[in-house]
Amino acid sequence: MISGASQADCALLLVDATTGEFEAGFDKGGQTREHLLLVRSLGVQQLVVAVNKLDNVEWSKDRFDEIVESLSAFLTQSGFQTAKTTYAPVAGFLGVNLVDRSMPEATELSRWYTGPTLVELLDRLEPPGRGIDAPFRFPVTNVFRGQTATSSGFAVAGRICSGVVQVGERVRVLPGDESAVIKIIESDGESLPWAAAGSSVHLYLSAIDPIHLSIGSVLCPPTSLVPIVSSFVAQVILFDIQIPLTIGASVELFHHARNIPATITPLEILDRVSGAVIKTNPRVLSKGMAAKVRITLRGSTISESSVSSSMAKLPLETFKTNKDMGRVLLRRSGETVAAGIVLSIDT
């Protein structure tokens with residue numbers, strides 16, 4: 001979920017209109033709330049909500065309006081803009097309002113809904129701006145061996161955060177001191193001479209031992225390296241957590257496809273609206289707070305005896321330098337506790 005959301009430009013949320021089912025997912029502790037918080041924290045701004053299974057509630061307009069009202073308040077509070085959030089009543093099993101409403105089963109829905117279909121709403125999404133002029137950044141989400149005659153050898157998959165890459169270009173693999181050459185660029189099964197920011201591609205590499213390739217690595221130009229950090233300062237928003245975060249609290253840091261154990265040290269509590277400092281050196285951070293914290297990596301989750309010290313470091317940039325490379329999530333015991341942006345890197 002986190003790896004996929006970190007590569008997304010927009011989100012499609014599917015909720016069940018059946019009585020009791022929507023409430024089970026949306027109430028505190030439900031996955032609907034957590035998934036929305038995750039995608040927004042990872043930079044997704046455009047959202048399409050499909051209210052599904054309306055046939056189970058007799059195509060009730062009141063039920064649709066109730067769900068929209070409940071979601072709208074939460075989405076606004078979570079940072080989604082009303083103008084970039086749309087809703088569509090659908091019945092997926094019957095195919096009603098997915099592409100059209102021409103079938104007999106859509107008669108009841110058409111009595112009160114005359115808006116766009118789900119596909120039409122998806123077609124109206126606006127492509128976000130791309131950092132094509134920025135240095136090339138490519139977080140690796142998968143490593144695999146190609147199986148076709150034209151695409152053989154080891155490859156990495158992911159989404160280009162910024163910049164442009166072309167066949168024959170040499171790139172560095174971070175963390176570490178290894179470099180590789182781009183042999184093939186592939187997207188949707190098609191071989192390309194180059195690819196730019198926003199593209200999800202497979203990069204086939206040569207001149208590197210695959211042992212140096214791993215999920216969470218970052219590819220970049222040798223002339224513009226991503227800083228490798230073990231400690232940094234971030235501004236975070238705490239979610240609806242039950243147990244407060246204290247000095248030295250253990251968390252799991254997520255950055256694209258990489259997750260590393262870490263500890264946090266609260267530095268300042270901030271006003272969520274103005275950003276003004278309310279308190280310095282707080283001992284405890286509780287739900288709903290905005291805070292500035294220092295995050296220190298603690299190494300890999302696997303045995304430290306078999307992992308080099310570089311595994312405790314992370315290729316990371318400030319949010320001001322590169323928005324995609326400067327977002328982080330914090331989780332604890334399977335729960336997302338906070339999300340934020342990197343303000344500065346400790347050297």
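**Cores, pockets and a cavity**

The largest nonpolar core has 37 residues, and V15, L47, V49 and L71 make the most contacts inside it. A nonpolar core here is a set of buried Ala, Val, Leu, Ile, Met, Phe, Trp, Tyr and Cys residues joined through side-chain atoms within 4.5 Å; buried means under 20% relative accessible area with a 1.4 Å probe, protein chains only. The model is predicted, with local features needing pLDDT of at least 70 and side-chain atom pairs counting only at pLDDT 80 or more, while totals for chains, interfaces and linings use all residues. Residues are numbered from 1 along each chain as its sequence is written, and side-chain values use heavy atoms, without hydrogens and water.

Two or more residues of this core come from each of α1 (2–5), β1 (10–16), α2 (21–26), α3, β2 and α4. Helices (H or I, at least four residues) and strands (E, at least two) are DSSP runs numbered from the N terminus. The top contributor is α4, with six residues. Take L47 in this core. Beyond its neighbours within four places in sequence, L47 contacts A11, L13, L36, L75, F80, K84, T85 and T86 (heavy atoms within 4.5 Å). A second, separate core has 26 residues, including I260, A262, L285 and A338. In soluble globular proteins, nonpolar side chains tend to be buried together.

Now the open spaces. The largest pocket holds about 1,200 Å³. On a 1 Å grid over the protein atoms alone, a pocket is an open set of points with protein on both sides within 12 Å along at least five of seven lines, a cavity is a set where a 1.4 Å probe fits but cannot get out, and lining residues have an atom within 4 Å of a point. Points join across faces, edges and corners, and a volume is the space filled by probe spheres set on them.

The largest pocket has 37 lining residues, with L37, S41, I237, F239 and R272 nearest its centre. At least two lining residues come from each of α3 (31–41), α4 (61–78), β14 (231–238) and β23 (335–345). The lining has 12 nonpolar, 15 polar and 10 charged residues. Nonpolar means Ala, Val, Leu, Ile, Met, Phe, Trp, Tyr, Cys and Pro; charged means Asp, Glu, Lys and Arg; the others, Gly among them, are polar.

The second largest pocket has about 810 Å³. Of its 35 lining residues, D9, G43, Q45, P128 and G129 are closest to its centre. β2 (46–52) and β3 (85–89) each give two or more, and β2 has the largest share, three residues.

One cavity reaches 30 Å³ or more. The largest cavity, of about 40 Å³, is lined by S6, Q7, P139, T141, R159, C161 and H256.

Notes:
Buried means under 20% relative accessible area, exposed over 50%, partly exposed in between (1.4 Å probe, protein chains only).
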